[in-house]
Structures are given as structure tokens and as C-alpha cells.
Amino acid sequence: MSGRHFLTRRGIALLEFSSASVRKTSPVPFKTFTANVRGLTISRDYSSTSTVDVELTSIRYKNHVQRGNFSTLQPDDVSFFREKLGQHRVVTEQSDLAGYNVDWLRIVRGSGTVVLKPKTTEEISIILKYCNERNLAVCPQAGNTSLVGGSVPVFDEVILSTSLMDSVLSFDEWSGVLVCEPGCILEKLNDYLLERDFIMPLDLGAKGSCQIGGNVSTNAGGLRLLRYGSLHSTVLGCEAVLADGTVLDLMSTMKKDNTGYDLKHLFIGAEGTLGIITKLAMQCPSKPNAINLAFIGLNSFDKVLTTFKRAKSDLGEILSSCEYIDAASMECVTGNLSLKLPIAQSPFYMVIETSGSFGEHDEEKLNNFLEEIMTENIVSDGTIASGSTQVKDLWALRERMAEALLKDGYCYKYDLSIPLTVFDELVQDMRTQLGEGAKRVCGYGHLGDSNIHLNITSETFDKSLHNKIEPFVYEWVAKHNGSISAEHGVGFKKRDYLHYSKPNEAIGIMREIKNLLDPKGILNPYKVLPDTSSSLKL
Ligand SMILES: O=C(O)CC[C@@H](O)C(=O)O
Ligand SMILES: [Zn+2]
């Protein structure tokens, strides 16, 4: 079969291939189907899944991108990898491959047939040199928590996992400089540092499984950027292996190094398209003696802005996080995860955290602050948490938002930089634009970074809803001189929208840098840079 096909299941038209052949292998409701999309055979077993539509969405994405002119993995390649890494660090079992081929949101699915698990820089260098010569595409993967499909193969790329490179190499208690491998789990690094009275300069909801190499490769922001700065300021040095196997040693552990172009910045946020980070030096802050948290409710977004401004001036240097959550988001996290709201329901909520050296003093400062803004009728209700369990419980209402949203079914995710003053305007405009079409339109995010997370949910992927959201949302952001990706990166899902945030000249220079460092384009192809192979758009 060829041409245009619609497969329906429970009455929903889901699949529209312009050049695909589709075969149903069991009567409706079908259990398995095989599709041939531009020479790529995709087989899916749906016997135990209830998310057939989500899966098909990933294939729909794939239909709009052409496989690069890379070689296909041969048995000899696997033998070479086994010879270098040993039997157990070369994964080829179909059942073991599944988790490496699907992203956290379960939208992008690749069909990689091998996962390599190197333990040293030298092994990565050997692998990349070989893949470059053989013209095999490679998808680097750390904790696989990307929200933009950046860490999974799109086709059959060789998956290179950094998970076994998880050692702390050194920690200097005088300078606070940590040197570690890329596969270290963020939370474990933080626990290691806590024992030495330091912390990681980065904290985010996925800390239990994300790896520092992935954090740096995506320039992850997180919850305390306002206090500790971005990874461009806290990463002091890195070692990276380039596509041809060259090891680039940029491992400064010094804060100051003004010796010309600072090349490490190229790898921070490059999402593995320019090289694979194999070592890192990070500047870590001292552990604060006390953490206090205020959880408050507000009646309008103007009051959210006033409170943020006041928090900065009244709390000063102890302010370590300032987040806002709208009512729709709060309903989602409390409802879907059965979490308890500690205060009365409000149109908006804020989480305000302080980290300082004098517990009592900080608590008093936060108490006075809260009392003042309540007396002035800026805040309608609030509570303060001081003990670590209470602080953790309150943080869960914000940190577990992504998990809660996913429980709605399908989540259209937008991680945007826009001026603070128009945060809620965007959410309202989106609600007007979508009418009754969406299950929820949620706004929350990092006030200190002008970074809103706009999430829209529906039970299943809905093409007409999607078309109402995009390009509307990107045009809205461009009109306000914002960024279409504040902290999640570009990955596979956002690359064709780069022009909304970057001029053509900048994209051209990005391509030249990519060509210089990876002339064959084997490193994480189909990610970050816009697709030039296809005129089809989503
Ligand atoms: O899921 C999201 O939209 C945001 C995820 C993360 O960046 C957060 O701030 O919680
Ligand atoms: Zn975020």
C-alpha cells in the first residue's frame, strides 16, 4: 500500500502518512502493525498498551524527517564494540533496548539496535573514531529525562550511554570545585557534597535520575538558578570527545581563565551535537545552614509580581527560589498525584525559599515578610515550613508538576522565556485560543528567570488542538522577543522552530560550528539544528 492512509481505532483517525505503507496484522482492534516510512520499517506491538495514539504521534514526527545518509549497523560493528567493551557493555537484546529508545514523555521513539556503555574517555574516543569512519550515527544518552526528545534516537542511531561513567574524581574543599564524570546522578552528587558541607549549584525535579553530563549538555536551569547562576557560570571546565575521537581537554578548575575563546561554552547546551562530555569541573556553593519555605496563595497575577519584587528586596541575598503556580496547575498536581494543598484555594500560588547561614534569623525574616504582605492584602493565605520534611512536602507540589501533567494523557509542553509581566496574559490568550478543546491550560515556572512552563493537556494527541497551539505560541513568544526554549533545550521536537528565537545568521554560524567539529554530522543527528532535508512541517 502507498499514499495516504488513515488507521482508526475506537473511531479516532490517527495516522496520516504521505509515503508510507501500513499493514494491519490482526483484526480490529489490531494488536500489531507494521509501517514502512521512507524505507524504515517500524513494527509496534499494541497488545498491552492503551496509548496507541501517543505512539503513533512519534511515528508522525518521524514521517516529517528523512533518515540521514548514514551506514546501517552490521554484525561486524557489534563484534568490534564487543571486542573493545566486552560482551556485557554492548546491549543488543530487544527487550533491554526499549527503555533507551523512548523519551520520558513517551512521544519520540527510535529504533536503535545497540546501546554502548563505555567506562572511560579512551573507550568513548575509540567508539567515536570508529563510528565516524564507518559513518554510523550516534545518539549520546545520559539520564534520558529530556523533555524535547533530545536523548533518544530518531532512527537507528547507535546509543552511547554515559551511565557507567559515574565517579567523583576529586573535590577540593578549599575552592569548592568538584571534578566528576558525566554519568553521576545529580542527587547523588548533591548527597556526596552535603557530607562535605557543600551542595550542587543546580537542583531540579528529575534529580533522582538525571545525570550531570546531560544537565550540562542541555544547560539545565532548575529551581535555584536565581541564586546560584546558570551552568555557563558554574561549569569551570570540561573534557569532550569530538566526532572523530579527538579528546579535547578543557578541564580548567580555575574560576578565571581569560585565554581567548572559552570553548567549553560550546559544549554547554549543545545537546551532544558537538562532542560528548566525558569530564566536568563544577564550582559548588557551601551548604546553607537553614532552608525555609513560604507557600502562599494570591488573588491576582499582579500580586504575584508585587510579591516577587518585594521578596527580592526584603529577603535579599537569602532568597534562593521564587516559583509561581496557577490554579489549573495546582489542581492537576493535587488531583492527579493525590497531594494535599496546605492553604486555601487561590487563583495563584507561590513557593518562596530562603537559604542562609542563620536559621532563626532567616525564619524571622521570612515571617516578617509574610506578615507584611498579608497585612497589605497582597497575599490571601500562606504557610511557612522550616523542618526538612515539611519543606520537602511543600516542594513536591511544585517539583512533581511534570509527572502530574503526564497523567492527564497527552501533554503539549512549552518552556518559554518571556517578560514576567506577560506570563499570565499568555496563559489567558492560550485559553481563549483553544476554547473548550483542551483538558487543561497550565502556567507555572521560575519567576526569577522569566521562564514560564506552559503546559496544555488532552486525553490523547489531538491534531487539530496541536495546530491551534502551534505556531500561535511561537509567534506569541517571538512578538515578545522571548525564547522558544528557556531551559529544556531544542532536541528533536523544537528544532524546526529555532528561527522564532534566532536570526538566520546565527543559525548559519551554528551550522558552520557543527560542520567544523562534526563534518559527517554523526553526533546526535536530527537534534538542535533545523531540518533541511524535508519541506514537510508538522
Ligand atoms: O514539565 C515542565 O514543563 C517543566 C519541567 C521543569 O523544567 C520544571 O521546572 O519543573
Ligand atoms: Zn523548569
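Start with ligand 1 and H488: an oxygen atom of ligand 1 is 2.7 Å from an N or O atom in the side chain of H488. That is a polar contact, meaning a pair of N or O atoms within 3.5 Å; within protein, one must be able to donate a hydrogen and the other to accept it, and residues adjacent in sequence count only if both atoms are side-chain atoms. Taken alone, ligand 1 exposes 290 Å², and the protein buries 88% of that. Areas are Shrake-Rupley values with a 1.4 Å probe, and for residues only the protein chains shown count as cover.

Before going on, this is a predicted model, where local features need pLDDT of at least 70 and side-chain atom pairs count only at pLDDT 80 or more, while totals for chains, interfaces and linings use all residues. Residues are numbered from 1 along each chain as its sequence is written, chains are lettered from A and ligands numbered from 1 in the order written, and side-chain values use heavy atoms, with hydrogens and water left out.

Back to ligand 1. A polar side-chain atom of K413 lies 2.5 Å from an oxygen atom of the ligand, and for H446 the corresponding distance is 3.1 Å. The residues around ligand 1 (a heavy atom within 4 Å) include L147, R398, Y444, H453 and E487.

Next, the metal. Which residues coordinate the zinc ion, ligand 2? They are H446 and H453, each through NE2, and E487 through OE, at 1.8 to 2.1 Å. Donors here are N, O and S atoms within 2.8 Å of the metal (3.2 Å for Na, K and Ca); water is not among the atoms, so sites may look incomplete. Along the chain the donors have the spacing H-x6-H-x33-E. H446 sits in strand 20 (residues 440–446) and E487 in the loop between helix 17 (472–479) and helix 18 (504–517), 41 residues apart. Helices (H or I, at least four residues) and strands (E, at least two) are DSSP runs, numbered from the N terminus. Both H446 and E487 are buried, that is, under 20% relative accessible area, with exposed over 50% and partly exposed in between (1.4 Å probe, protein chains only).

Now helix 3, residues 94–101. Its buried residues are L97, Y100 and N101. They lie on the same side of helix 3, because they cover an arc of only 90° around the axis, taken from the directions from the helix axis to the C-beta atoms. Their cover includes strand 6 (90–91) and strand 8 (138–141), with contact meaning heavy atoms within 4.5 Å.

Finally, the whole chain: 18 helices and 21 strands, with 56% of its 538 residues buried.
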